[in-house]
Amino acid sequence: MDQSYETLLLNVDEAGICTLTINRPDKLNALNNQVLEELDEAVDSIKENYKIRGVVITGAGEKAFVAGADIKELSSLDPVSGERVSKKGQAVFQKIEDLTIPVIAAVNGYALGGGCELAMACHLRIASTNAALGLPEVSLGLIPGYGGTQRLTELVGRAKALEFIMTGRQVKAEEAYEVGLVNQVTEHSAVDEAKSMLTKIMKQGPIAIKNALLAVEEAGSAKGFESEARLFGELCGTADFKEGTGAFLAKRKPNFSGK
């Protein structure tokens with residue numbers, strides 16, 4: 001990938017894993033308008049690059065994943081511009097969630113406010129033991145605006161979501177794991193663990209992974225079961241399906257082609 005950014009770092013390894021790093025360590029990787037603009041562009045470029053099979057999103061340095069939004073920018077908002085900024089953040093994060101390759105947040109420190117919302121927009125979350133997550137917007141007289149009220153409720157349930165949002169308290173990694181906010185806690189590098197998980201996922205049928213993401217996205221909707229059946233049926237016509245079932249019956253490892 002030949003794009004250059006001022007606030008992001010992108011690297012794609014030979015296995016097809018893209019590491020996207022929010023690179024503002026002096027500001028604890030806080031989200032501002034420029035970060036959102038560049039993140040929007042980066043997600044578009046990832047979507048268009050067929051060589052990328054999985055994404056790790058993390059923050060530069062050891063202190064923070066993303067410690068929140070740029071409060072100086074927020075302080076100038078009025079009702080009209082505030083709604084516009086919220087919708088912009090929601091749109092960028094929805095693009096991440098809508099990617100049909102797995103995206104894992106490697107939470108390597110503070111993930112607060114917009115940082116927690118970014119992590120929740122990823123399909124999976126792996127936290128280092130020093131991670132702390134939270135939505136403290138009420139302390140600024142606000143609520144989460146980048147999808148946090150919706151995604152946190154989906155992940156931890158209504159009561160816990162309301163507790164975390166209304167108290168604004170930080171949740172340590174172990175508690176985040178216990179309530180389902182993160183998938184795994186590691187004493188090692190969260191980025192390394194995320195890459196290890198992606199490596200396991202990438203051994204599976206790539207079209208099946210894509211369809212799994214699409215099917216789960218419909219969970220809880222009126223079309224959920226219908227979508228699952230349709231996507232299941234589509235897979236039955238793929239070469240990967242024939243390879244996977246054939247390999248199982250022959251007691252050998254499958255060699256998926258992505259077709």
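**Cysteines, helix faces and enclosed space in a predicted model**

Cys116 is buried, its relative accessible area being 2% (buried is under 20% relative accessible area, exposed over 50%, and partly exposed in between, with a 1.4 Å probe and protein chains only). The structure described here is a predicted model, in which local features need pLDDT of at least 70 and side-chain atom pairs count only at pLDDT 80 or more, while totals for chains, interfaces and linings use all residues. Residues are numbered from 1 along each chain as its sequence is written, and side-chain values use heavy atoms, with hydrogens and water left out.

The structure contains 0 disulfides (a disulfide being a pair of cysteine sulfur atoms within 2.5 Å). Cys116 is in none, and the nearest cysteine sulfur, that of Cys122, lies 11 Å away. Cys236, at 32% relative accessibility, counts as partly exposed.

Turning to the helices, helix H5 covers residues 148-156 (helices, H or I of at least four residues, and strands, E of at least two, are DSSP runs numbered from the N terminus). Its buried residues are Gly148, Arg151, Leu152 and Val156. Seen down the axis of H5, these fall within an arc of 110 degrees, so they line one face of the helix (the arc is that of the directions from the helix axis to the C-beta atoms). In general, an α-helix has 3.6 residues a turn, so residues three or four places apart point the same way. Gln150 and Glu154 are the exposed residues on the face of H5 turned away from its buried side. The cover over the buried residues of H5 includes H3, H4 and helix H6 (158-167) (contact means heavy atoms within 4.5 Å). Just after H5, Gly157 adopts a positive phi of about 95 degrees.

Helix H10 (residues 224-235) can be read in a similar way. Its buried residues are Gly224, Ser227, Leu231 and Leu235. They cover an arc of only 70 degrees around the axis, which puts them on the same side of H10. These buried residues pack against helix H9 (206-217) and helix H11 (239-250). On the face turned away from the buried side, H10 carries the exposed residues Phe225, Glu226, Ala229 and Phe232.

The largest pocket holds about 760 Å³ of space (on a 1 Å grid over the protein atoms alone, a pocket is an open set with protein on both sides within 12 Å along at least five of seven lines, a cavity is a set of points where a 1.4 Å probe fits but cannot get out, and lining residues have an atom within 4 Å of a point). Of the 27 residues that line this pocket, the closest to its centre are Glu97, His123, Glu154, Val216 and Glu217. H9 supplies the largest share of the lining, 6 residues. By the cavity rule there is 1 cavity of 30 Å³ or more, and the largest cavity holds about 30 Å³ of space (grid points are joined across faces, edges and corners, and a volume is the space filled by probe spheres set on the points). Its lining includes Cys116 and Leu152.

Two backbone details complete the picture. Asn29, in the loop between strand E2 (17-22) and helix H1 (33-48), has a positive phi near 60 degrees and is buried at 0% relative accessible area. Lys251, in the segment after H11, also has a positive phi, of about 60 degrees, but is exposed at 79% relative accessibility.

Methods. Expected span 1.5 Å × (residues − 1).
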